Amino acid sequence: MQAGVRLLDSDDGRRFDFDPGSFCLELLLTGGPVQVHRTELLRGPGDIVEWVVQSRLARVAALDDVRVRPSELRELKDFRDVMWSVARGVARGDTVDREHLAHINDCASMDLNPELDPDTGARRWAAPITGDQILGAAARDAIELIGERASRVRECVADGCVLVFCDTSRPGNRRWCSMRRCGNRSKVKAYRNRQD
Ligand SMILES: [Zn+2]
């Protein structure tokens with residue numbers, strides 16, 4: 001599976017693939033405020049290290065030697081909670097809270113630096129990679145997303161599904177988190193309605 005596409009568990013026990021379409025939205029899958037009922041996946045700094053090497057940042061360059069301190073993990077989670085609220089608001093066409101925008105701006109100062117491996121010439125992120133840099137990458141991605149692609153930020157149209165994604169398809173007509181889950185359910189429902 002491509003980095004940044006995540007396998008999630010459905011409530012019926014099946015797994016489905018979900019591409020959030022952007023790094024800051026991918027971070028939302030690791031947990032969130034109580035209203036969104038997501039299991040917390042980032043219980044310690046080691047969890048974010050494991051998570052980030054499978055993230056879409058790894059599509060651009062290899063991530064080696066990631067070091068995250070507990071205080072950096074807390075900041076990442078605070079950003080994630082803000083991002084949940086912002087992303088849902090943007091998807092619904094609401095005006096984003098000024099404090100939330102300021103929070104995102106404040107987080108954007110640190111960034112990852114790309115470099116070439118002197119032995120292989122392959123592209124990689126300069127090590128060590130810190131939690132602040134991961135936060136910075138997420139905040140910069142959020143700035144680009146909200147500033148340039150706000151109309152592509154969507155909530156899955158299925159009832160009760162809270163997943164938010166950026167529609168990166170060319171026609172821009174993505175409606176569901178995943179065809180394997182909500183897309184399929186919707187088709188089955190439409191079929192049954194036709195039979196009634
Ligand atoms: Zn869905």
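Me: What coordinates the zinc ion in this predicted model?

Reply: A donor is an N, O or S atom within 2.8 Å of the metal (3.2 Å for Na, K and Ca); water is not among the atoms, so sites may look incomplete. Along the chain, the zinc donors have the spacing C-x4-C-x15-C-x4-C. The model is predicted, so local features need pLDDT of at least 70 and side-chain atom pairs count only at pLDDT 80 or more, while totals for chains, interfaces and linings use all residues. Residues are numbered from 1 along each chain as its sequence is written, and side-chain values use heavy atoms, with hydrogens and water left out.

Me: What makes the arrangement around the zinc ion tetrahedral?

Reply: Four donors count as tetrahedral if all angles lie between 85 and 135 degrees. The angles at the zinc ion are 99 to 116°, therefore the arrangement is tetrahedral. The ideal angle for four tetrahedral donors is 109.5 degrees.

Me: Why is Asp117 called buried?

Reply: Buried means under 20% relative accessible area, exposed means over 50%, and partly exposed lies in between (1.4 Å probe, protein chains only). Asp117 has 18%, so Asp117 counts as buried. Asp117 sits in the loop between β4 (114-116) and β5 (123-125). Strands (E, at least two residues) and helices (H or I, at least four) are DSSP runs, numbered from the N terminus. Leaving aside neighbours within four places in sequence, Asp117 touches Ala122 and Arg124; contact means heavy atoms within 4.5 Å.

Me: Why is His37 called exposed, and why is Asp65 called partly exposed?

Reply: His37 has a relative accessible area of 70%, so the term is exposed. Asp65 has 37%, so the term is partly exposed. His37 belongs to the loop between α1 (23-27) and α2 (45-52), and Asp65 to the loop between α3 (57-60) and β3 (66-67).

Me: Why are α4 and α6 called roughly parallel?

Reply: Angles under 35 degrees count as roughly parallel, over 145 as roughly antiparallel, 65 to 115 as roughly perpendicular, and the rest as oblique. α4 (residues 70-91) and α6 (residues 131-148) pack at about 10°, with axes 10 Å apart, and are therefore roughly parallel. Axes are lines fitted to C-alpha atoms, for helices over the stretch in contact, and angles run from 0 to 180 degrees between N-to-C directions. Among the residues that meet are Leu76 and Phe79 in α4, and Leu135 and Ala138 in α6.

Technical notes:
Tetrahedral: all angles 85-135°; square planar, octahedral: opposite > 155°, others 65-115°.
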